[in-house]
Amino acid sequence: MLPGVFEAKKKSGEVYYRSSITKYGKHVSLGSFSTEKKAHKAYLEACRIYEDTRIHPLNLRSHIKELSFEKGIIILNHRDYKTYFKTPIYLRQGYFSYFLDGVGELKFDNDDLFYYSEHRILLHDGHMYVNDYGMQYGILARYGIKNYSVPGKDFTFANGDTKDYRYSNIVVINKYHGVTFHEGKDAPYHEAHIHLNGEYIVGRFPTDAEAAVAYNKAVDAAVAAGIKKNFIQNYVLEYTPKEYADVYTRIQLSGNYIEYLKDRSSEKGTHE
């Protein structure tokens with residue numbers, strides 16, 4: 001058997017070949033291959049990456065054919081920092097890069113290093129997520145950004161780099177459902193709105209928390225009027241239960257919205 005290669009069998013009895021290399025006391029699996037020759041080629045590519053310091057993340061693809069790009073990044077980090085991660089992480093000065101096929105280089109703060117060394121980022125239909133305890137979580141959830149949030153409207157990247165996920169670069173504009181921030185001519189405000197048969201403005205408020213409560217109250221009113229829809233309710237962290245109840249009671253829904261609900265209720269009563 002060629003160096004770095006050993007034979008294996010699937011449950012069906014079909015033979016395939018695995019490749020591995022041992023460096024700095026670490027046994028590194030290089031993957032599975034259909035032929036002994038390909039497995040050996042991957043082993044030689046790994047040897048070259050470990051030995052040739054001219055190879056780096058940006059020119060890696062030109063030096064590999066059988067070895068996966070992800071495994072190449074893992075080897076580069078192991079070579080340069082003597083630290084082995086099972087995910088494609090490459091350490092930087094003050095942060096780290098996560099190289100994701102189909103996306104490129106993602107930047108994260110070192111605070112997230114342990115998490116992403118244990119959780120692989122997956123890509124589906126342009127959506128990046130991780131599997132955690134059997135559930136799928138979008139990577140934006142770590143910043144309090146909801147799945148339905150719209151880039152450029154609900155959040156933005158301070159330096160314009162949409163692949164830079166360092167905390168200082170993530171600017172959350174609208175963290176609550178049904179709430180949009182506006183600069184305003186005289187003063188900024190948060191507008192609560194709800195989509196039923198069209199978009200209805202619930203009201204304008206000085207804080208996003210108050211607007212979030214107003215949206216919740218609008219949802220409750222819609223349900224009470226017999227509107228059947230899977231509404232998303234906001235969980236407002238800024239208030240204690242008593243404070244939430246006080247704000248909820250104080251908020252007055254817009255006249256247009258109240259009239260719309262009355263008309264819906266009247267139509268429903270006519271048809272019953």
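Reply: Let's start with the side chain of Asn-169: one of its polar atoms lies 2.9 Å from the backbone oxygen of Asp-164. That is a polar contact, meaning a pair of N or O atoms within 3.5 Å; within protein, one must be able to donate a hydrogen and the other to accept it, and residues adjacent in sequence count only if both atoms are side-chain atoms. This is a predicted model, where local features need pLDDT of at least 70, side-chain atom pairs count only at pLDDT 80 or more, and totals for chains, interfaces and linings use all residues. Residues are numbered from 1 along each chain as its sequence is written, and side-chain values use heavy atoms, with hydrogens and water left out.

The Asn-169 side chain also reaches the backbone nitrogen of Asn-159, at 2.7 Å. So where does Asn-169 sit? You'll find Asn-169 in the loop between strand 10 (155-157) and strand 11 (170-172); strands here are DSSP runs of E, at least two residues, and helices are runs of H or I, at least four, numbered from the N terminus.

Leaving out residues up to four places away in sequence, Asn-169 touches Thr-156, Phe-157, Ala-158, Asn-159, Asp-161 and Asp-164 (contact means heavy atoms within 4.5 Å). Asn-169 counts as buried because its relative accessibility is 4%; buried means under 20% relative accessible area, exposed over 50%, partly exposed in between (1.4 Å probe, protein chains only).
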